[in-house]
Amino acid sequence: MSDHPSTYEPKTGVEKWLDQRLPIVRLAYDSFVDYPTPRNLNYWWTFGGILSVCLMIQIVTGIILAMHYTAHIDLAFNSVERIMRDVNYGWLIRYVHANGASMFFFAVFVHMFRGLYYGSYKAPREVLWILGCLIFFLMIATAFMGYVLPWGQMSFHGAVVITNLIGSIPVIGGPILTWLQGGFAVDQATLNRFFSLHYLLPFVIAGVVILHIWALHVVGQNNPAGVDIKSKEDTVPFTPYATVKDGLGIIFFLILFSIFVFFMPNALGHADNYIPANPLVTPAHIVPEWYLLPFYAILRAIPDKFGGVIAMFGAIAVLFVLPWLDTSKVRSMRYRPVMRWFFVIFVVVCLGLGWCGAQLPDAPVVPGLPSFTLLDGEFNSYLWLTRALTLYYFAFFLLIMPWVGLKEDPLPVPASISEAILAEHAKKKGA
Amino acid sequence: MSEPATDHGGHGDPNRRDFIYIAAGAAAVGAVAMVIPPLVDQMNPAADTLALASTEFDLSKVQEGMQVVIKWRGKPLFVRYRTPKEIKEAQDVKLTDLKDPQADADRVKKGKEQYLILVGSCTHLGCVPTFGAGDYGGWFCPCHGSHYDTSGRIRKGPAPLNLAVPDFQFLSDTKVKIG
């Protein structure tokens, strides 16, 4: 909270000297030690801390990998194999980096669904939410360019398909595509600039993360009850309460991370990417990494090429305007009996889109079931399932959010955080 | 206005200080505008990349019914020696049946209909179509299921356009220059 007065008192002479010149210790103390934190935060709130750990892991392992990697179409693949076989602990660092991307996205999806459920995007947290969406978008760009760097078959043809999306823009698409690729195809120029940008963007993300935390500390954290902090009884100091809770979350998260790195490091990757890139042969089945599958599914659901691109980017763009699409005055879906069910369906739909994105569009959803042709495809195919899910994805934001917010009768919202906690305790005792 | 000439508060008529603000601002905007083109244009294909824009191919390497794939501008180029049956199939298609109507005669050189030269990049999202697969005897793109006929024209699937025919000319009966 911005009106929280600083309680930092420099004790040693050095601290006093520094505090008068650069109050950085004061800033850290006020932000992460004495910062008033809602006392009802649950474990879904630990993903913010988890995500900052993810970013640090990616930056540290990434800088190390860049010391051994060669951004050249003839050497890139072999330099990655050399990291895996010859560089001391290279296998570990690369597996941490590659699986770290997946872990990062897993955590960011949980973090975003949490924000969605508890209404963390609503006034006064709109800018905080938009900065988060910006980070998400930068993460997608960074992850995509990073995936191109090993210059395997999936890297190469993934880059071809995704850059060609830009080429679908009418009139100006072609020149922009050539400009982006630095040639007439994905080639040396493309690999070199992707490496440059893949190195740059994480630091841009780190910058936006600082703005994100700044915005968070101006408006204060949301909480499961979704009501504002009203008195000192509603809060606990960040340290030790939130630091210990975040720490426990981080430990469990790192256990999951380690299971992937040490026991199934390639489970989330694709075997075709261990074949060196060959511009003359496309792998039989092109799929992006799992975390981009829902967006890939939306792309393929639209029969028009440019329309598909618009829908895919629209699926991310709609998140930016979310604060103005939700008409409900109640933040937390705990007290929104109708909307919470639409939310549950939304989560299932997002998982479903991810599943569809990995399938061939023409494949039947239920094999053996009689089907008929609807417009341009079999009804019993992933094409139509994907279309139905895509429709719900957009309807959730553009129709359900504004409409349910106006029509729904919310449950009584507690007057304060402490009242919400006391009511919960009373309920537990009674039961 | 009745303000004295010594007033520099920015009210009323533009005075010398306003002129300095505007001139300094315009200079800064001009400087930024001049810096942008080089920074943007460096991303475009470099001179050596553009120099690779044409290639020559010896057609005696491709025999009837075959396809040879060569690399041109970093993309695959299909050089097909079509059988008379395939040529006839391509010519007999009604233009109204096509998504991107174009006669087979407009895609090959007169008198050398057997040689079909195509950019082997699916017009959907740039994957490389597979030769000899698909429902129309031509190519099939494995990425999103586009079918091309024996003239490389789009017949079914998400691709919007026919496989592109590059600019090419016959230098002799067996030599062709592409680009």
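Predicted model: local features only at pLDDT ≥ 70, side-chain atom pairs only at ≥ 80, totals over all residues.
A search over all chains of the structure gives 16 salt bridges, yet the count between chain B and chain A is zero.

**Interface between chain B and chain A**

- The contact draws on 24 residues of chain B and 24 residues of chain A.
- About 2,200 Å² of area is buried between the two chains, and carbon and sulfur atoms give 65% of it.
- Seven residue pairs are in polar contact across the interface, with both residues at pLDDT 80 or more.
- On the side of chain B that touches chain A, helix H2 (47–51), strand S2 (67–72) and S3 each supply at least two residues.
- S2(B) provides the largest share of that side, namely three residues.
- Sorted by class, the side of chain B that touches chain A holds 13 nonpolar, eight polar and three charged residues.

- Strand S4 (residues 115–119) of chain B is mostly covered, as five of its five residues are buried.
- Tyr115(B), Ile117(B) and Val119(B) point one way from S4(B), while Leu116(B) and Leu118(B) point the other way; all are buried.
- S4(B) runs antiparallel to strand S3 (residues 75–81) of chain B, and five bridges join the two.
- Within this pairing, Leu116(B) in S4(B) is the bridge partner of Arg80(B).

**The four-strand sheet of chain B**

- Four strands of chain B form an open sheet in the order S5-S6-S7-S8, with antiparallel pairing.
- Strand S5 (130–131) and strand S8 (154–156) of chain B stand at the edges; each has a single partner strand, so one side of each lacks a neighbour in the sheet.
- Two bridges pair S5(B) with strand S6 (residues 137–141) of chain B in the antiparallel sense.
- Phe140(B) in S6(B) is the bridge partner of Thr130(B).

**His147(B)**

- His147(B) is located in strand S7 (residues 146–149) of chain B and counts as buried at 9% relative accessibility.
- The side chain of His147(B) reaches the backbone nitrogen of Asp135(B) at 3.0 Å.
- Leaving aside neighbours within four places in sequence, the contacts of His147(B) include Trp139(B), Phe140(B), Ile154(B) and Arg155(B).

**Gly354(A)**

- Gly354(A) lies in helix H13 (residues 339–357) of chain A and is buried, with a relative accessible area of 13%.
- The C-alpha atoms of Gly354(A) and Trp290(A) are separated by 7.2 Å, although the two residues are 64 residues apart along the chain.
- Not counting residues up to four places away in sequence, Gly354(A) touches Leu293(A) and Pro294(A).

**Salt bridges in chain B**

- Glu89(B) and Lys85(B) meet through their side chains in a salt bridge of 3.3 Å, N to O.
- These two residues are four residues apart in helix H3 (residues 84–92) of chain B and are therefore separated by about one helical turn.
- Glu89(B) is partly exposed at 35% relative accessibility, whereas Lys85(B) is exposed at 60%.
- Lys112(B) forms a salt bridge with Asp173(B), the closest N and O atoms being 3.0 Å apart.
- Because Asp173(B) lies in the loop between strand S9 (168–170) and strand S10 (175–178) of chain B and Lys112(B) in the loop between H3 and S4 of chain B, the pair ties together parts 61 residues apart in sequence.

**A salt-bridge network in chain A**

- Lys122(A), Asp326(A), Arg336(A) and Glu408(A) are joined into one network by salt bridges that share partners.
- Arg336(A) forms a salt bridge with Glu408(A), with 2.9 Å between the closest N and O atoms.
- The pair links distant parts of the chain, 72 residues apart: Arg336(A) is in the loop between helix H12 (305–320) and H13 of chain A, and Glu408(A) in the loop between helix H14 (382–407) and helix H15 (417–430) of chain A.
- Arg336(A) and Glu408(A) are both buried.

Definitions and conventions:
Residues numbered from 1 in each chain as written. Chains lettered and ligands numbered in written order. Heavy atoms only, no water. Buried < 20%, exposed > 50% of the residue type's maximum accessible area, 1.4 Å probe, protein only. Pairing = 2+ DSSP bridges. Contact = heavy atoms within 4.5 Å. Buried area = accessible area lost by both parts, 1.4 Å probe. Salt bridge = Lys/Arg side-chain N within 4 Å of Asp/Glu carboxyl O. Polar contact = N/O pair within 3.5 Å; in protein donor to acceptor, adjacent residues only side chain to side chain. Nonpolar A, V, L, I, M, F, W, Y, C, P; charged D, E, K, R; others polar.
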